[in-house]
Amino acid sequence: MAKYFDVHPDNPQRRSIGQIVGLLRQDGLIVYPTDSAYALGCQLGNRDGLDRIRSIRHLDDRHHFTLVCRDFAQLGQFVHIDNTVFRAIKAATPGSYTFILPATKEVPRRLLHPKKKTVGVRIPDHVVVQALLDELGEPLVSSTLLLPDHDEPLTQGWEIKDELDHVVDAVVDSGDCGTEPTTVIDFSGDEPEIVRKGAGDTARFE
């Protein structure tokens, strides 16, 4: 059964954050809130966690996983960014965007798109996620909690626990965080490509 954590959205309890990160460090898989829908998350080296995310969401090997980063310094360790792209991403973060970029050697191969060698990265604007990332000290490998038989992500913590009780290790509930996933911008080509229109305004990238 999944552990259930009721975490305050503005003042996350330090004890709860410590316990959740403890689970992550023991190769746990969690559901956690972001600024654009709930997400599945695990630690960077958690191979089993990746397999579980793929299984829960019925994903193939072309799916772009996302590294959810604490700040720009951390993000820069895992992707290659030129000056033009740097300015564009810097202006849009933190926020409800995922950026697809060429990965550095810091990113495990199993996380990469098999042909493009790219990975998704983002810096969320959410107090609870930032608290988790501060405590963890590295990015969370993440994927939106959109189940195969659902049209929209689940929004209620108790509902998520009922649905995924035996396939995740913890559900972190800090209230409704909406159903709209991030806007995805692919910067791996010559021009930015809007892959998915979501919660982030696309006007600056069009």
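Contact here means heavy atoms within 4.5 Å. This is a predicted model, in which local features need pLDDT of at least 70, side-chain atom pairs count only at pLDDT 80 or more, and totals for chains, interfaces and linings use all residues. Residues are numbered from 1 along each chain as its sequence is written, and side-chain values use heavy atoms, with hydrogens and water left out.

Q: Which residues is Pro181 in contact with, leaving aside its neighbours within four places in sequence?
A: The partners of Pro181 are Ser36, Thr144, Arg196, Gly198 and Ala199. Pro181 itself lies in the loop between strand 8 (170–173) and strand 9 (183–186); strands are DSSP runs of E with at least two residues, helices are runs of H or I with at least four, and both are numbered from the N terminus.

Q: Why does Ser36 count as buried?
A: Buried means under 20% relative accessible area, exposed over 50%, and partly exposed in between, with a 1.4 Å probe and protein chains only. Ser36 has 4% relative accessibility and therefore counts as buried. Ser36 lies in the loop between strand 2 (30–33) and strand 3 (38–43), and beyond four places in sequence its contacts include Arg122, Cys177 and Pro181.

Q: What makes Tyr97 and Phe99 a stacked aromatic pair?
A: Rings of Phe, Tyr and Trp (its six-membered ring) pair if their centres lie within 6.5 Å; planes under 30 degrees apart count as stacked, over 60 as edge-to-face and the rest as tilted. For Tyr97 and Phe99 the values are 5.9 Å centre to centre and 15 degrees between the planes, and the pair is stacked.

Q: Why is the pair of Phe99 and Phe187 called tilted?
A: The ring centres of Phe99 and Phe187 are 6.0 Å apart and their planes stand at 35 degrees, so the pair is tilted. This pair links distant parts of the chain, 88 residues apart: Phe99 is in strand 5 (residues 97–102), and Phe187 is in the loop between strand 9 and strand 10 (193–196).

Q: How do you know whether Phe99 and Phe187 are buried or exposed?
A: Phe99 has 0% relative accessibility and so counts as buried. Phe187 has a relative accessible area of 11% and is therefore buried.
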